Amino acid sequence: MGPTADRRFSALPGRPGKIIAIHLSYASRADQRGRRPQHPSYFFKPSSSVAASGDTIERPEGTELLAFEGEIALVIGTPARRVGLADAWDHVAWVTAANDFGLYDLRQSDKGSNVRSKGGDGYTPVGPTLIDARTIHPDALRVRTWLNGEIAQDDTAAGMIFPLAQLVADLSQHFTLETGDVILTGTPAGSSVAKPGDVVEVEVDVPGGPSSGRLVTTVSQGSAAFDAELGSLPAVDDLQRTEAWGSREAAGLAAGSSAESGDLAEAGRFEAQSPVSATSPVLADALRAKLEAVPVAGLSAQLRKRGLNNVHVDGVRPLHPEAKLVGIARTLRFVPNREDLFASHGGGYNAQKRVFDAVGEGEVVVIEARGEAGSGTLGDILAIRAHARGAAGIVTDGGVRDAAAVAAVGIPVYSAGAHPAVLGRKHVPWDADVTIACGGTTVQPGDVIVGDADGVVVIPPGIVEEIVDAALAQEDEDAWIADRVAEGHPVDGLFPMNAEWRAKYDAREGDRA
């Protein structure tokens, strides 16, 4: 296409109406970060962020973590609305290189939206030339990135978790992809930090075939600082440094602890932007209805039959015994209070606040408080926040502060009791979305949590269908036995059923069929 009046869009057919970017999409990147999404998730970038090859990107004053991400960019040729997978690629006219720059210093303030961290002027270089999509097979595309002449990223579209055509078809389910719209399709492993003076180059090609040419961007140091009176200031910590550089070693940090790994998982929550954690299942309506119909005691019995005896959250009682709790685990871990650690981790936008701000519909916040009920682990404000976000409930083996106010919110809450003290008396909010211990049992993000007046049970997601169906069948059998006992029959031989009673029950089942 010919150049436009605005140099920024010289590699494109015109100024794009929309730029849609995907979060994790390459297996190599997912493996590097230790989480793999079930479905693609997206964010928007403004067209004002587009830049041309040869342009300069500024790293703002007071920041340190400007990261590059070499990507394959798709340019829509004909509008696509609710197109199928088989036809999706036909709506892509061109392919080229892109660099999805991000300023990790602003990620925490964005809370996953990426508006500030990835929307800055010059943060989406594209080009320098277009490849005709009709001349190539999408899986044959390769993306490579160089930092100061050294290869940093090298992968192909065949290594993507979600094929390129799927991204087009999926997005078209939700809105019309219009001519000229750009889809940034994610970055492979190797993304890292670029400093002032660095030169980053990205090329998309088919080995031995057409190429976009090298997209060249030079990093410079900006001189304008952010105004604290207008909005959030940049902030970095070891988790953001690790995510930006790609590893703790690359960031110059010591080997990571479990707490820091948990912080990485929390960052992944913001990146994935999914209603449940990236690796957890979504409870279908039919499955949820089954779980709501079965008592926890019945589920516990079926888990025990399969050798799972340590799946009960002990020592917690419900604020609403009449309410059923069913949802997907979202985990939060507190460590014992130590004054210096509370000073560094307890204030500001800490792990506790981040979890309650990001909990999704149908999720259960499960809190490890080591069974220490000597201070509150949540109060009414956080309960209101979880309820407003559609959370299914909260389970903590610690205390609840303002218990009457929390109960009034109406969300199912299980706790070890009420306590008037604030969090910092006993706990430091440390990390999230990691494997935790709550009430003596291990809970992982994505586990299925079910609670009633008897207590709370944890079900591994891979067997939840099997467990609930078996429990429903057992409930029906137990109801039939109860009727026989009510008729005057002795329990011996009936509970459990001997061969004679089993034959009668089976005959009854045959008649019903």
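In helix 9 (residues 296-305), the buried residues are Val296, Gly298, Leu299, Ser300, Gln302 and Leu303; buried means under 20% relative accessible area, with a 1.4 Å probe and protein chains only. Helices here are DSSP runs of H or I with at least four residues, strands are runs of E with at least two, and both are numbered from the N terminus. The cover over these buried residues includes helix 8 (285-293), strand 15 (312-313), strand 26 (448-452), strand 27 (455-459) and helix 14 (464-486). After helix 9 comes Gly307, with a positive phi near 85°.

## Basis of the model

This is a predicted model, in which local features need pLDDT of at least 70 and side-chain atom pairs count only at pLDDT 80 or more, while totals for chains, interfaces and linings use all residues. Residues are numbered from 1 along each chain as its sequence is written, and side-chain values use heavy atoms, leaving out hydrogens and water.

## Helix 8 against helix 14

Helix 8 and helix 14 have axes that come within 10 Å and cross at roughly 45°. Helix 8 is therefore oblique to helix 14. Axes are lines fitted to C-alpha atoms, for helices over the stretch in contact, and angles run from 0 to 180 degrees between N-to-C directions. Oblique is what remains once angles under 35 degrees (roughly parallel), over 145 (roughly antiparallel) and 65 to 115 (roughly perpendicular) are set aside.

From helix 8, Leu287, Lys290, Leu291 and Ala293 meet Val464, Glu465, Val468, Asp469 and Leu472 of helix 14; contact means heavy atoms within 4.5 Å. Sorted by class, this contact has six nonpolar, no polar and three charged residues. Ala, Val, Leu, Ile, Met, Phe, Trp, Tyr, Cys and Pro count as nonpolar, Asp, Glu, Lys and Arg as charged, and the others, Gly among them, as polar.

Seven strands form an open sheet in the order 2-1-12-6-7-9-3, with mixed pairing; two strands pair if DSSP finds at least two bridges between them. Strand 2 (42-45) and strand 3 (50-51) are at the edges with a single partner strand each, so one side of each has no neighbour in the sheet. Helix 5 (residues 164-172) packs on the sheet and touches strand 1 (19-22), strand 2, strand 6, strand 7 (92-99) and strand 12.

Strand 6 (residues 70-76) pairs with strand 12 (residues 182-184) in the antiparallel sense over three bridges. Leu74 has Ile183 in strand 12 as its bridge partner.

## Thr185

Thr185 lies in the loop between strand 12 and strand 13 (199-205). Thr185 is buried, with a relative accessible area of 0%. Leaving aside residues up to four places away in sequence, Thr185 touches Ile22, Ser25, Tyr26, Glu71, Ile72, Leu74, Met160, Leu164 and Leu167.

Definitions and conventions
Buried < 20%, exposed > 50% of the residue type's maximum accessible area, 1.4 Å probe, protein only.
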